[in-house]
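Please keep the sequence and the structure at hand while reading.

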Amino acid sequence: MLSFDVSRVSFLFILIGVFMFRRSGVTRTRDLGRVGIGLGLMLIALQHLLTMITPYEDVPSLRMLLGAVTTDPLIDILLAAGLTWAAHSSVAVVLLIMAFAAQGVVPPHARRSRIVLGANLGTALNPLLESGLGGDPSAKRLPIGNLINRIVGCALALALLNWIGPALITVEPNAGRAVADFHTGFTLSWRCCSSLC
């Protein structure tokens, strides 16, 4: 959904969210109001992020840096995971990859897909690191299980990229949309496989 231009409806989300939060006495409606406010603010922040980054997309040194760094699959995944951990948002990193892919900054589909896998993996780092070193070991089971689950999913998807990449490009020739489609497909398919196991 965020791969389309939804920035115009961000203020509508905030307005409806504030109305639901302030006018309702029902807890569920108030919570949905908070979700609307948060979604609207997130859309505004992501729009500002993309506006801020757009002038740098055509800088030759950025293209050379990303071309040099993103040659090894493991470096691609670790770089994206670290960036996602720092941003605390895989959505922001995937939108950044989409913007770069649309401009041809990160050219081959395999590289973009590996970076998307890394962004997906980086999402699991925040809960694990925020649970702290001490404390109850049982509280770490869920974050560790989530991280292991994502590592396995990334490893399987990485092994299948040689078949997934060309098929995805034939379905969606637009590079930015292909990144969004790969992210959505990976997330949905891996969640379904995980829940079946």
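In this predicted model, the side chains of Asp76 and Arg114 meet in a salt bridge, with 2.6 Å from N to O. Because Asp76 belongs to helix α4 and Arg114 to helix α6, the pair ties together parts that are 38 residues apart in sequence. Both partners are buried, Asp76 as well as Arg114.

**Salt bridges**

- A search of the whole structure finds 2 salt bridges, and the pair of Asp76 and Arg114 is one of them.
- Arg34 forms a salt bridge with Asp31, and here the closest N and O atoms are 3.9 Å apart, a value that falls inside the 4 Å limit used for a salt bridge.
- Arg34 and Asp31 are separated by about one helical turn, because they stand 3 residues apart in helix α2.
- With a relative accessibility of 48%, Arg34 counts as partly exposed, and Asp31, at 35%, likewise counts as partly exposed.

**Overall fold**

- The chain contains 9 helices and 0 strands, so that, read from the N terminus on, its elements run α-α-α-α-α-α-α-α-α.
- Of the 197 residues in the chain, 37% are buried.
- Among the contacts that join residues at least 6 apart in sequence, 72% are between residues at least 24 apart.
- The accessible surface of the chain comes to about 11700 Å², and carbon and sulfur atoms account for 71% of that surface.

- Pro73 lies in helix α4 and, at 29% relative accessibility, counts as partly exposed.
- Once residues up to four places away in sequence are set aside, Pro73 touches Arg114 and Leu158; Arg114 is also the salt-bridge partner of Asp76.
- The C-alpha atoms of Pro73 and Ser113 are separated by 9.8 Å, although the two residues are 40 residues apart along the chain.
- Thr84 also lies in helix α4, and its relative accessibility of 0% means that it counts as buried.
- The side chain of Thr84 reaches the backbone oxygen of Ala80 at 2.8 Å.
- Not counting residues up to four places away in sequence, Thr84 touches Ser89, Ser90, Val93, Gly118, Ala119, Gly122, Thr123 and Asn126.

**The largest nonpolar core**

- In soluble globular proteins, nonpolar side chains tend to be buried together.
- The largest nonpolar core of this model has 32 residues, and the members that touch the most other members are Ile97, Met98, Leu117, Val179, Phe182 and Phe186.
- Two or more residues of this core come from each of α4 (73–87), α5 (90–103), α6 (109–122), α8 (141–171) and α9 (175–196), and the largest share, 9 residues, is supplied by α5.
- Leaving aside neighbours within four places in sequence, Val179 is in contact with Val94, Ile97, Met98, Ala101, Arg112 and Val116.
- Two of these partners of Val179, namely Ile97 and Met98, are themselves listed with Val179 among the core members that touch the most others.

- Which residues make the nonpolar surface patch of about 350 Å²? The patch is made by Val9, Leu12, Leu15 and Ile16.
- Val9 lies in the segment before α1 and counts as partly exposed, with a relative accessibility of 33%; this value passes the cut-off of over 30% that is required of patch residues.
- The side chain of Ser24 reaches the backbone nitrogen of Val26 at 3.1 Å.
- Apart from its neighbours within four places in sequence, Ser24 is in contact with Thr29 and Arg30.

Definitions and conventions: Residues numbered from 1 in each chain as written. Predicted model: local features only at pLDDT ≥ 70, side-chain atom pairs only at ≥ 80, totals over all residues. Heavy atoms only, no water. Polar contact = N/O pair within 3.5 Å; in protein donor to acceptor, adjacent residues only side chain to side chain. Contact = heavy atoms within 4.5 Å. Helix = DSSP H or I, 4+ residues; strand = E, 2+ residues; numbered from the N terminus. Buried < 20%, exposed > 50% of the residue type's maximum accessible area, 1.4 Å probe, protein only. Areas by Shrake-Rupley, 256 points an atom, 1.4 Å probe, with all protein chains shown as cover. Patch = residues over 30% accessible without salt bridge, like charges linked within 9 Å, V, L, I, M, F, W, Y side chains within 5 Å. Core = buried A, V, L, I, M, F, W, Y, C linked by side-chain atoms within 4.5 Å.
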